[in-house]
Amino acid sequence: MSAVPERLTGYRLNIGSVQPGFYNIDNRHVPGLDCLWDLESIPWPLEDSSAIIAQMGHVVSRINPARWGMFILMDEIWRILKPSAQLAVITYYGINSHFQGDPAACNPITELTWFHFAPEHRSGLWQHYQPLPWRLVDIKWSVDGNIEAILAKR
């Protein structure tokens with residue numbers, strides 16, 4: 001029996017809620033949580049290049065955009081993911097009624113948000129801030145609902 005290749009070892013990271021089969025980190029104590037941590041307190045207590053995949057639901061809309069909060073969050077997730085690992089994100093689209101009705105929402109997200117993290121995107125928006133590089137794998141949205149994006153660590 002051969003050893004598992006290094007690229008296949010690691011854990012699945014869930015940010016902002018609890019999902020079975022994932023290592024769950026959130027700033028709210030809920031049953032099944034593995035790590036209670038302020039998501040805006042960097043660094044998180046996780047090793048570099050240790051997660052094989054990550055997902056987060058309705059977290060980015062609650063990250064304070066002041067003082068580069070979104071860039072800091074995305075750079076931290078980039079640090080934790082293995083090379084080429086993917087991050088799946090779902091959150092409210094822009095400032096629709098779902099966003100406006102959530103008392104914790106403070107960071108409106110649109111498709112342009114994700115273009116700032118993808119150096120190859122034709123918009124050239126990555127050049128403005130040059131955060132750690134992601135590849136935008138897929139993006140879908142409904143202006144009266146949610147936006148979903150899949151990004152891969154470059």
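Trainee: Where is Glu40 placed?

Mentor: Glu40 lies in the loop between strand 3 (35-36) and strand 4 (51-57); strands are DSSP runs of E of at least two residues, numbered from the N terminus. This is a predicted model, in which local features need pLDDT of at least 70, side-chain atom pairs count only at pLDDT 80 or more, and totals for chains, interfaces and linings use all residues. Residues are numbered from 1 along each chain as its sequence is written, and side-chain values use heavy atoms, with hydrogens and water left out.

Trainee: Which residues is Glu40 in contact with, leaving aside neighbours within four places in sequence?

Mentor: Glu40 is in contact (heavy atoms within 4.5 Å) with Arg62, Ile63 and Asn64. Its side chain reaches the backbone nitrogen of Asn64 at 3.0 Å.

Trainee: What separates the C-alpha atoms of Glu40 and Glu76?

Mentor: The separation is 9.7 Å, for residues 36 apart along the chain.

Trainee: Changing topic, how many disulfides does the structure hold?

Mentor: It holds 0 disulfides, a disulfide being a pair of cysteine sulfur atoms within 2.5 Å.

Trainee: And confidence: what pLDDT does the chain average?

Mentor: The average pLDDT (the predictor's confidence in each residue, from 0 to 100) is 94, and 95% of the residues score at least 70. Over residues 1-7 the pLDDT is below 50, and this stretch has 4 contacts in the model beyond near neighbours in sequence.

Definitions and conventions: Helix = DSSP H or I, 4+ residues; strand = E, 2+ residues; numbered from the N terminus. Polar contact = N/O pair within 3.5 Å; in protein donor to acceptor, adjacent residues only side chain to side chain.
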